[in-house]
Amino acid sequence: MNFLQYLSFSTLACLFTLIFFGGYVSASGVGLSCPDWPLCPAGLVPMDEFLIEYIHRTLAATTGLLVIITMVFALKSKSSRRGMKLAAVIAAGLVLGQIALGGAVIVERLHALLVTIHFAIGMTLFSMLILVTVYAFQLPPPTARKEIPNSLEKT
Ligand code: HEM
């Protein structure tokens with residue numbers, strides 16, 4: 001596996017876990033257990049009273065960072081296809097918008113429309129990252145890439 005494959009798959013796994021926790025936050029009704037934005041009342045310290053929401057936000061920050069790093073490497077990679085670069089850029093835009101929207105969900109006290117858009121953007125982001133990961137797994141292995149110029153020289 002090459003670096004972009006590891007990176008995109010790890011990002012997808014982190015996002016999946018984040019969405020899982022998001023669903024749990026919503027279903028268990030603890031969305032406002034951490035009523036402040038961007039930090040919880042105890043700052044960076046996790047506490048029992050808002051642990052699930054704290055995990056959701058921490059995973060959101062980690063996923064955001066991973067999505068941006070994935071985009072940078074997808075854009076830098078010479079062998080990545082245009083579709084992969086485009087999906088990675090869209091994912092980066094969506095993740096930033098989604099984190100800001102998460103803040104709005106808190107400030108607006110779980111406004112139904114905002115929570116619905118938050119869910120829809122989460123699904124679109126997940127689709128984009130599946131695309132990036134599938135593209136990454138279609139990249140030729142590093143050895144095959146080195147062999148291409150040699151075989152072309154022979155013809
Ligand atoms: C990439 C970032 C994020 C993703 C992909 C994401 C995804 C999700 C998902 C899928 C849900 C479940 C929605 C539902 O069942 O209707 C959810 C719920 C929630 N998210 Fe996020 N989220 C992200 C970031 C954030 C951030 C930064 C906050 C900010 C504080 C936040 C606050 C919430 C809250 C409060 C809920 C529960 C809403 C309710 O009670 O119905 N999210 N999230």
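A nonpolar core is a set of buried Ala, Val, Leu, Ile, Met, Phe, Trp, Tyr and Cys residues joined through C-beta atoms within 7 Å. Buried means that 20 or more other C-beta atoms, placed from the backbone, lie within 10 Å of a residue's own.

Some ground rules. This is a predicted model: local features need pLDDT of at least 70, side-chain atom pairs count only at pLDDT 80 or more, and totals for chains, interfaces and linings use all residues. Residues are numbered from 1 along each chain as its sequence is written.

Now the core. The largest nonpolar core has 22 residues. Ala88, Ala91 and Val132 touch the most other members. H1, H2, H3 and H4 each give this core at least two residues. Helices here are DSSP runs (H or I, at least four residues), numbered from the N terminus. H3 supplies the largest share, seven residues.

What does Ala91 contact, leaving aside neighbours within four places in sequence? Val67, Met71, Leu125, Met128, Leu129 and Val132. Contact means C-beta atoms, placed from the backbone, within 7 Å.

Next, H4. Its buried residues include Leu125, Met128, Leu129 and Val132. The buried residues of H4 pack against H1, H2 and H3.

How values were computed:
A residue is buried if 20 or more other C-beta atoms lie within 10 Å of its own, exposed if 12 or fewer, and partly exposed in between; C-beta atoms are placed from the backbone. Two residues are in contact if their C-beta atoms, placed from the backbone, lie within 7 Å.
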